[in-house]
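Please look over the model below.

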Amino acid sequence: MSHSIPVLDFGSQTAQLIVRRVRELGVYSELLPHDATEAQVRALNPLGVILSGGPASVYEPGAPQMPAWLIDSGLPVLGICYGMQLISHALGGVVLSPEDREFGPADVALSGAHPLFAGTPPSQMVWMSHGDRIEALPPGFHTLAANPSTPFAAMGDDARRWYGVQFHPEVVHTANGKAILGNFLHTICGADSAWQPANFVADAIERVRAQVGPEGQVICALSGGVDSAVAALIIHRAVGERLTCVFVDNGLLRLGEAEQVVATFREHFHIPLVAVDAREEFIGALEGVADPERKRKIIGEKFVRIFEREARGLSGQGSSLPFLAQGTLYPDVIESSAPDRTKGVTIKTHHNVGGLPADMQMQLVEPLRYMFKDEVRAAGLELGLPEDWVWRHPFPGPGLAVRLIGPVGWERLETLRRADAIFLEELRAAGQYRATQQAFAVLLPVQSVGVMGDYRTYADTIAIRAITTEDYMTADWARLPYELLAKVSSRIVNEISGVNRVVYDISSKPPATIEWE
């Protein structure tokens, strides 16, 4: 394979954001566990390694440590935050926990010209998020940047080509973060900028062929979103007619979506498609369930059992079950703390990552597992997916169940479905759909007093949410025009019986997540 700059994950919630930034700079990267073996790292043909941040202190019992093999590897290394502290700790420096900690924006001053900071100003804004700090540099290192609170905001050993920054260059709040990462990749490691998201297509096709083999059958869980569509097209290129797409109408879809998906995939893509009406089965299992994790687990298991049932019908008596394909993405993996690549903290269980039953009988095929949403869209265009499908907003695997706060029931689902349809319709009419990256309605378990005509009402509340984001790891609320919000609110209240109040969610991620559950 081509060269790469892997990232070793020490538990930072922005570890995959480092991977994204590296890829944006034209260099392939993957996230590996902090205790990955040298063979695992070398398999990616690395020109250098980046150590992510993390929540631990280097002196804590059981704190993740830098791999011993890395010291004599000859590879350039960039440590970020906790990664910088690990370098110092491993090579003879001193790390302490001062009384004053730094969280948020900070100014740092460069100690002089250096290739790591080439093209950046002598004083610059960075994003700090650390408790511990370095009090004494390891032998061979010198100071590259500092401020009054952090005397060693950046350090380097040019002979070894090892560097550390106490701040987070991967986040947009660090003004010159991308330039700093680019200097490490291109100047220090010598990487070129040849990698592009479209490269994923050919690579993913080969990976699927290798995993499935010359005779294996695949069924693809098709939802109608861009992720599962791109996964299906990649797999179809890899195995041809040995792919069968299965679309399950679980009763948790957006208005008119089931009909649209079936028509589009049968008529446009000409891929074998089995449509399963499982609305009664899903809603029956979810009836009255309010806990979001239980919802996800129930939905995940139901999907798998249905796919196993369909797979047995496709495979015939005595044959092995087909592989199960899904459109799982990197953010799904990181938030579910999947064990193969990450050591992060679980934020929520994604039904297609952490919600699958342990006794599932099919092997998973996930061609998009290490791709970000923008990379999936680039791959979709490369595969000839129509633009209106490529730019569809993400829809969660558990569907409306996790946008229905509180117990699941048919009547509440229909209320939410109609409200969501109104919001998206008006968003498109106002030309705001492509200006936002995700927008949806949420039905709250809250009723309030209202007045309609001359009558008092006590009815449901709908929250609407629209966000802007580059990577879905962080997000901001969309500043939609007041006129648009007013029209959406008026239509929802007037057209949907049982709703008398609409609120707009103005929370960013973090501290909130994009979805409510």
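How many positive and negative side chains does the protein chain have, and how far apart do the centres of the two sets lie? There are 44 positive and 60 negative side chains, with the two centres 3 Å apart; Lys and Arg count as positive and Asp and Glu as negative, while His and the chain ends are not counted. Each charge is placed at NZ of Lys, CZ of Arg, CG of Asp or CD of Glu.

This is a predicted model, in which local features need pLDDT of at least 70 and side-chain atom pairs pLDDT 80 or more, whereas totals for chains, interfaces and linings use all residues. Residues are numbered from 1 along each chain as its sequence is written, and side-chain values use heavy atoms, without hydrogens and water.

The protein chain has 15 helices and 20 strands, which are DSSP runs (H or I, at least four residues; E, at least two) numbered from the N terminus. Buried residues (under 20% relative accessible area, 1.4 Å probe, protein chains only) make up 60% of the 517 residues.

The structure holds 7 aromatic pairs, meaning rings of Phe, Tyr and Trp (its six-membered ring) with centres within 6.5 Å; planes under 30 degrees apart count as stacked, over 60 as edge-to-face and the rest as tilted. One of them, Tyr28 with Trp195, is tilted, at 5.5 Å centre to centre and 50 degrees between the planes. Tyr28 and Trp195 are 167 residues apart, and both are buried. Together with Phe200 they form one aromatic cluster.

Technical notes
Buried < 20%, exposed > 50% of the residue type's maximum accessible area, 1.4 Å probe, protein only.
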